[in-house]
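Me: I have a chain here that I would like to go through with you. Please look at it with me.

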Amino acid sequence: MKVEKLLHMAGGAGDCSYAANSKIQEKAILKVKPILEEAIVELHKNLHPKKMVVADLGCSSGPNTFLVLTEVMKIIGRQCRQLVLQPPEMQFFLNDLPGNDFNNIFQLLDSLEESMRTDNNISSVPHFVAGLPGSFYGRLFRSQSVHFFHSSNSLHWISQVPEGLESNGNYVYLNKGNIYIGKTSPPLVVKFYQDQFKRDFSLFLKLRFNELVPGGQMVLAFSGRKKSDIYNGELSTIWGLVSESLNSMVLEGLVKEETFDSFNPPFYAPSMEEAKAVVDEQGLFEIKDIQMFESNWDPYDDSDEDVVSDNIKTGENYAMCIRSVLEPMIASHFGAAIVDELFSRFAMNVANHLLKENTKLPILALRLKKKEQILFTNV
């Protein structure tokens with residue numbers, strides 16, 4: 001799988017697009033908002049930059065793209081009004097892989113600018129917005145040129161499918177019958193995924209350390225794992241339901257077994273302890289905050305109930321969310337003809353699962369501050 005070409009959300013603004021089905025991601029951004037405010041207030045108070053560079057890594061497309069941008073300007077605007085200071089010039093970079101629907105972003109920008117003129121906290125802040133295609137597992141900026149990095153719902157995507165899954169010893173496909181870490185995945189599969197996440201997250205931290213100004217900060221939020229048992233993790237449950245849907249199509253001859261067994265998305269949901277261990281091992285950032293949030297699978301269900309009121313509707317709603325994320329990869333690997341049937345089956349599998357357990361979506365959030373250290377020159 002050529003990750004940089006295939007890993008992007010469903011573009012456009014249609015019924016199955018990411019733009020129309022990203023309310024779960026919106027809720028995650030809003031849950032992390034207090035952490036974002038703490039970071040921006042402290043950064044501005046300590047640095048008082050005349051020109052401030054902010055980058056959103058893995059921005060995707062649709063209305064969520066501008067949530068963080070507008071929130072940062074509100075915070076800066078309020079801070080400057082309270083302290084009677086001139087707001088800094090804000091340069092925002094919206095980053096994602098080249099396959100991202102940047103056209104959708106730019107088309108929404110004019111209407112965003114119009115709405116921001118009515119907010120006094122934002123209208124006083126001079127700002128400029130630019131798109132920046134490229135992988136955040138590579139260098140994106142000059143050394144010490146960025147004040148603040150934000151990333152939401154992105155760092156669970158690792159840089160590649162872990163090496164070794166396609167063939168190992170007597171196995172043709174090591175993770176046969178699964179598309180992620182499932183109950184039948186060999187321990188070696190778990191190790192491959194864990195090692196890939198550790199390498200990628202370590203590299204990400206080194207790269208951002210070089211690019212941040214002294215005292216710069218990051219707020220990162222991505223899919224995590226609340227359960228200690230990796231085989232029983234919340235995201236393993238979700239991917240397991242996708243696997244069940246695909247496997248039923250294999251049994252009916254609609255999908256080739258080999259095509260199913262060779263599909264392994266580049267994804268890993270770490271526990272809080274795993275993520276913290278990588279940060280501590282690198283020693284480049286001070287952990288100012290680390291929290292785990294949860295939300296319901298149904299983006300339109302804000303209740304705290306243990307039982308889902310309408311499992312069928314929740315299954316349909318959640319299937320649309322997952323489809324908007326996975327469709328480009330599914331269509332590329334299996335062909336577009338199976339997409340409708342696959343997610344119809346997935347919706348029913350979700351509905352049946354929710355009769356037994358109301359599984360939640362864990363979101364891991366970290367606020368990191370750059371330590372004073374020597375720049376890495378080899379990354």
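Me: What covers the buried residues of H12?
Reply: The cover of the buried residues of H12 includes helix H8 (234–251) and helix H11 (311–334). Helices here are DSSP runs of H or I with at least four residues, strands are runs of E with at least two, and both are numbered from the N terminus. Buried means under 20% relative accessible area, exposed over 50%, and partly exposed in between, with a 1.4 Å probe and protein chains only.

Me: What kind of model is this, and how are residues numbered?
Reply: This is a predicted model, in which local features need pLDDT of at least 70 and side-chain atom pairs count only at pLDDT 80 or more, while totals for chains, interfaces and linings use all residues. Residues are numbered from 1 along each chain as its sequence is written, and side-chain values use heavy atoms, with hydrogens and water left out.

Me: Which residues of H12 are buried?
Reply: Among them are Val-339, Leu-342, Phe-343, Arg-345, Phe-346, Asn-349 and His-353.

Me: How do H8 and H12 pack?
Reply: Their axes are 9 Å apart and the angle is about 130°. Axes are lines fitted to C-alpha atoms, for helices over the stretch in contact, and angles run from 0 to 180 degrees between N-to-C directions. H8 and H12 are therefore oblique to each other; angles under 35 degrees count as roughly parallel, over 145 as roughly antiparallel, 65 to 115 as roughly perpendicular, and the rest as oblique. The crossing of H8 and H12 is right-handed, a term used if the near helix is turned clockwise from the far one by less than a right angle, with anticlockwise being left-handed.

Me: Which residues of H8 and H12 meet?
Reply: On the H8 side they include Ile-238, Leu-241, Val-242 and Ser-245, and on the H12 side they include Leu-342, Arg-345, Phe-346 and Asn-349. Contact means heavy atoms within 4.5 Å.

Me: And what about H11 against H12?
Reply: The axes of H11 and H12 come within 8 Å and cross at roughly 140°. That makes H11 oblique to H12. H11 passes H12 in a right-handed crossing.

Me: Turning to the largest nonpolar core, which residues touch the most other members?
Reply: Of its 73 residues, these are Phe-201, Phe-204, Leu-326 and Phe-346. A nonpolar core is a set of buried Ala, Val, Leu, Ile, Met, Phe, Trp, Tyr and Cys residues joined through side-chain atoms within 4.5 Å.

Me: What does Leu-326 touch?
Reply: Leaving aside residues up to four places away in sequence, Leu-326 touches Trp-157, Trp-239, Val-242 and Phe-343. Apart from this core lies another, of 34 residues, among them Leu-69, Phe-92, Val-219 and Ile-363.

Me: A change of topic: what is the phi of Val-84, and where is Val-84?
Reply: Val-84 has a positive phi of about 55° although it is not a glycine. Val-84 sits in the loop between helix H4 (67–83) and strand S2 (89–96).

Me: Is Val-84 buried or exposed?
Reply: Val-84 counts as exposed, because its relative accessibility is 72%.

Me: And Asn-153, buried or exposed?
Reply: Asn-153 counts as buried, at 17% relative accessibility. Asn-153 has a positive phi of about 60° although it is not a glycine, and its place is in the loop between strand S4 (146–152) and H7.

Me: Finally, how many helices and strands has the chain?
Reply: The chain has 12 helices and 7 strands. Of its 379 residues, 57% count as buried.
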